[in-house]
Amino acid sequence: MELEIEQGWKNQLNEQFESSNFKELIGFVKSAYKSQTVYPPSNLVFEAFNRCTFENTKVVIIGQDPYHGPGQANGLCFSVGETVAFPPSLKNIFKELESDVNAAIPSSGNLNRWADQGVLLLNAILTVEARQAGSHQNVGWEEFTDSAIDALNNQKENLVFLLWGGYAKKKGKHINRQKHLVLESGHPSPLSANRGYWFGNKHFSQCNAYLKSRGLPQIEW
C-alpha cells in the first residue's frame, strides 16, 4: 500500500508526516486495509489533495468521513464513483445547485471536475471500514486534516470555505474570517435539508461572486 501526496501539500504538512502520531496512524491504516474492507481504495486515500493541489486551492468543502458502501467513496467528500447512484446528500447538493445557479443535474456524481478547478473536497477522516460509518474516528485523521485546514488558513488569502452542518462548522471554527469567506448552513442530508436548513443557502452563487470580486476564476459547478 503506497500513500502518495502532492508535493505542495507534502511541503505544507511535513511536520505532520514526520510526527510519531502520523506514523502510528499510517500503521493503523495499512493494517486495516490488509485485514478488512476499507474505503476508499488505498490509492485514493489522498485523492482530495492530489486532485486539488495546495497552490490551486480556491474553495474548501469539509465532509466527515467517506461513504462506506461498495464503490461509493473515491477520496473526495460527497463524491462517488462514475456510475454509482447519488447518495441522498449528493442529490440535495445537486438540487440546490440547480436552484441556485441553474446548473443541470449531472449524469455522474463524480466531483473530480470540481477538484480539478481548485475545490478541495476534504473529509475530516480519510478512511472508513465497510458498512461502519465513523469507524476510523479518533485514530489520528482529524489532527492531520486540521493541519491541512490550518495551512490553508495561514498561508493563503481569499479562500471560500463551505461549512455544511455542525461537524464542518466546528472543524472550521478557527478560520480567519477577515482573510477568507466562510459560508455556513445546515447539512445537505435529508434530515437537515427537509427541516429547512439546507435548501436556499445559495452558497454556490455566493462563492463565485466572492471569487469574481477578488479577480479569481469562478468555479463551473
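Colleague: Which residues does N208 touch, residues up to four places away in sequence not being counted?
Modeller: N208 touches Q218, I219 and W221, a contact being heavy atoms within 4.5 Å. The model is predicted, so local features need pLDDT of at least 70 and side-chain atom pairs pLDDT 80 or more, whereas totals for chains, interfaces and linings use all residues. Residues are numbered from 1 along each chain as its sequence is written, and side-chain values use heavy atoms, without hydrogens and water.

Colleague: Why is N208 called buried?
Modeller: Its relative accessible area is 10%. Buried means under 20% (1.4 Å probe, protein chains only), with over 50% exposed and partly exposed in between; N208 is therefore buried.

Colleague: Where in the secondary structure does N208 lie?
Modeller: N208 lies in helix α10, residues 203–213. The chain has 10 helices and six strands, which are DSSP runs (H or I, at least four residues; E, at least two) numbered from the N terminus.

Colleague: What makes the radius of gyration agree with a compact globule?
Modeller: The rule, over C-alpha atoms, is 2.2 Å times the number of residues to the power 0.38. For 221 residues a compact globule would be near 17 Å, and the chain has 17 Å, so the two agree. The C-alpha atoms fill a box of roughly 45 × 35 × 25 Å along the principal axes.

Colleague: What percentage of the 221 residues is buried?
Modeller: Buried residues make up 53%.
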